[in-house]
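Let's take a friendly walk through one protein model. Have a look at the sequence and the structure first, and then read on.

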Amino acid sequence: MTTTAAPGWTTAPPPIPGVAPSPAAQPPSATQPLPATQPSPTTQPSPTAVYEAALRSVDGRLWVRHPDGRRDRLPVHCWRGGLAPGDVSLLRRCAGPTLDIGCGPGRLAAALAAGGVPSLGIDVAPFAVRLARRAGATALCRDVFDPLPGQGRWSTLVLADGNIGIGGDPTRLLTRAAALLGPAGRVLVELEPDPAPPGPLLVRLEGADGRVSRPFPWSFVGPANIHDHATAAGLELAELWGGHGRRFAALALARRRRQVLSGRSCWWASRLCVCWGLVGRSGAPGSLPPAAGRWAQRSR
Ligand SMILES: C[S@@+](CC[C@H](N)C(=O)[O-])C[C@H]1O[C@@H](n2cnc3c(N)ncnc32)[C@H](O)[C@@H]1O
């Protein structure tokens, strides 16, 4: 969750003309910590509900409230808009089938699709998925930790806009990413230029209507700690780059893991060669043992 802390947005939002907001309907200010007694988590809206309300609103105002009481405005207007400065550097590195994890309204997945790159966006927010599809992306409402199509075969995974923070445990998320990647694949991660201290934080989302989500775990990862998370997940740092005030890293499977996976591909390739050899000698898949014949017919 890359945040913009534009000074003009750190105060409480202006009142809506003609509507006298009750004190409870105003989000707390940027510096004022949340009151110690919050409604019980069961009565608080989910982060997805507060996020989707911002996506539906005209001005898309949404804040993330940190445990120390600070809050930062989230750039929902960018997520809903066209490409943002720095996006092209990410898109240029999307080679082959690309999975955009936490695609939101889909500006990246839609741009990839428009550029002819096979791509899929996934997101837990159904309304975001609808917007992504409307923008031209192929998108599914899925949690990144759910079973996903193409597991172990993706060429590129995208964790943009700070989505390395999803779930509050970057090593777990990168381990999941490594399982989704094909042997030569890469994970493109957007980093926080100025991250909070490492470790999971319980943050909340706050909407312009005064609703505050229940707390949820998130992590802010910068260039200084991506290497450790990558290594722990069986990945290695392949590239670091930046521009337009944004920082990114490309991660590849660690060499040993690549070799194991390539070895498995070689084993399968040799099995396939044997099968094709049989097909070649016998002249028709029908004369193969039943299973091999079925496989050969399927793969024509
Ligand atoms: C910081 S926003 C990213 C915005 C998005 N990259 C874009 O281009 O608009 C985080 C996104 O991750 C999604 N998300 C959060 N947890 C997720 C999970 N476990 N699996 C998939 N998506 C998730 C949220 O619904 C939200 O759309």
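Two strands pair if DSSP finds at least two bridges between them. Strands here are DSSP runs of E with at least two residues, and helices are runs of H or I with at least four, both numbered from the N terminus. What you see is a predicted model, where local features need pLDDT of at least 70, side-chain atom pairs count only at pLDDT 80 or more, and totals for chains, interfaces and linings use all residues. Residues are numbered from 1 along each chain as its sequence is written.

**The sheet**

Which residue in β11 is the bridge partner of E239? That partner is A250. Strand β11 (residues 246-253) pairs with β10 in the antiparallel sense, over 8 bridges. Both strands belong to an open sheet of 7 strands with mixed pairing, in the order β5-β4-β3-β6-β7-β11-β10. At its edges are β5 (139-141) and β10 (235-243), each pairing on one side only. From one strand to the next, the twist averages 20°.

**Helices on the sheet**

Helix α5 (residues 126-134) lies across β4 (119-123) and β5, while helix α7 (residues 223-232) packs on the sheet and touches β7 (181-191), β10 and β11. Contact means that the C-beta atoms of two residues, placed from the backbone, lie within 7 Å. For the angles below, axes are lines fitted to C-alpha atoms, for helices over the stretch in contact, and angles run from 0 to 180 degrees between N-to-C directions.

| Helix | Strand | Angle |
|---|---|---|
| α5 | β5 | about 170° |
| α7 | β10 | about 155° |

**Buried sides**

A residue is buried if 20 or more other C-beta atoms lie within 10 Å of its own, exposed if 12 or fewer, and partly exposed in between, with C-beta atoms placed from the backbone. In α5, the buried residues are A128, V129, L131 and A132. They sit on the same side of α5 because they cover an arc of only 160° around the axis; the arc is that of the directions from the helix axis to the C-beta atoms. On the other side of α5, P126 and R134 are exposed. The buried residues of α5 pack against α1 (47-56), α4 (107-114), β4 and β5.

Helix α6 (residues 170-180) has P170, L173, L174, A177 and A178 as its buried residues. Their arc around the axis is only 145°, which puts them on the same side of α6. The elements covering them include β6 (154-159), β7, α7, β10 and β11.
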